[in-house]
Amino acid sequence: MKKLFLTVSALCLAVTAMAEAQKLTMTTSKAVGTELTFLVNATRSGVTVDWGDGAVQTYTAEKNSGVLEVKGTVKGGTIVLTAPKYLTLFAAENAGLTSVDLSEASELVSLYLQHNDIETLNVANMAVLRDLNVCDNQLQSITLNASKNPLLENVDLSDNPMTATSFNYSTSNLRYLNLGGLNYSSVSLTK
């Protein structure tokens, strides 16, 4: 009975740990052999990255470090970064990213994806997102919703070929908004 209890307890812990893990799946246009750098917040257990060949590399931060620099070499078109539930920062500037799946990264507070080639981005599941920078991409559209992204404070959507002609967002938390270089004919900010 004791052995069964321990086995069930271990299984529950494993399932809980898997459910709490954060994962970003990215597609890059960078050539195999190109070095890329990502920045993430330092966590006790670090992060793992599959650079596109199925092999997983582990990166850990030095003690008392706030940010972990993750450097690796592209080995395939799809890169997967996995971290414990406490992943709150992800930055990938000029990484040739064409898509980023954030469906399993709902705890991100700060997301910086400037100077890439991303066409669509879904941040609907990111209720604690405060900082979003996707300037200079290929975004056709993005939906920001005050009920799904209520904490957004800093948003930079500049220099994207958006197809929408208006921008609407309603929250009292918004502090900085950059819509430069967009074709918006109207902007509505309330509260």
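The side chains of R130 and E153 meet in a salt bridge, 3.6 Å from N to O; by salt bridge I mean a side-chain nitrogen of Lys or Arg within 4 Å of a carboxyl oxygen of Asp or Glu. R130 sits in the loop between strand 9 (110-112) and strand 10 (131-133), and E153 in the loop between strand 10 and strand 11 (154-156), 23 residues apart. Strands here are DSSP E runs of at least two residues, numbered from the N terminus.

Before going on, the basis. This is a predicted model, where local features need pLDDT of at least 70, side-chain atom pairs count only at pLDDT 80 or more, and totals for chains, interfaces and linings use all residues. Residues are numbered from 1 along each chain as its sequence is written, and side-chain values use heavy atoms, with hydrogens and water left out.

How many salt bridges does a search of the whole structure find? Four. Another is K23 with E104, the closest N and O atoms being 3.8 Å apart. That pair links distant parts of the chain, K23 in strand 1 (residues 22-28) and E104 in strand 8, 81 residues apart. K23 is partly exposed because its relative accessibility is 29%; partly exposed lies between buried, under 20% relative accessible area, and exposed, over 50%, with a 1.4 Å probe and protein chains only. E104 is also partly exposed, at 42%.

Five strands form an open, antiparallel sheet in the order 4-3-6-1-8, where pairing requires at least two DSSP bridges between two strands. Strand 4 (56-59) and strand 8 (97-104) are the edges, each pairing on one side only. Strand 3 (residues 47-50) and strand 6 (residues 78-83) pair over three bridges, and V49 has L81 as its bridge partner in strand 6.

How values were computed:
Helices (H or I, at least four residues) and strands (E, at least two) are DSSP runs, numbered from the N terminus.
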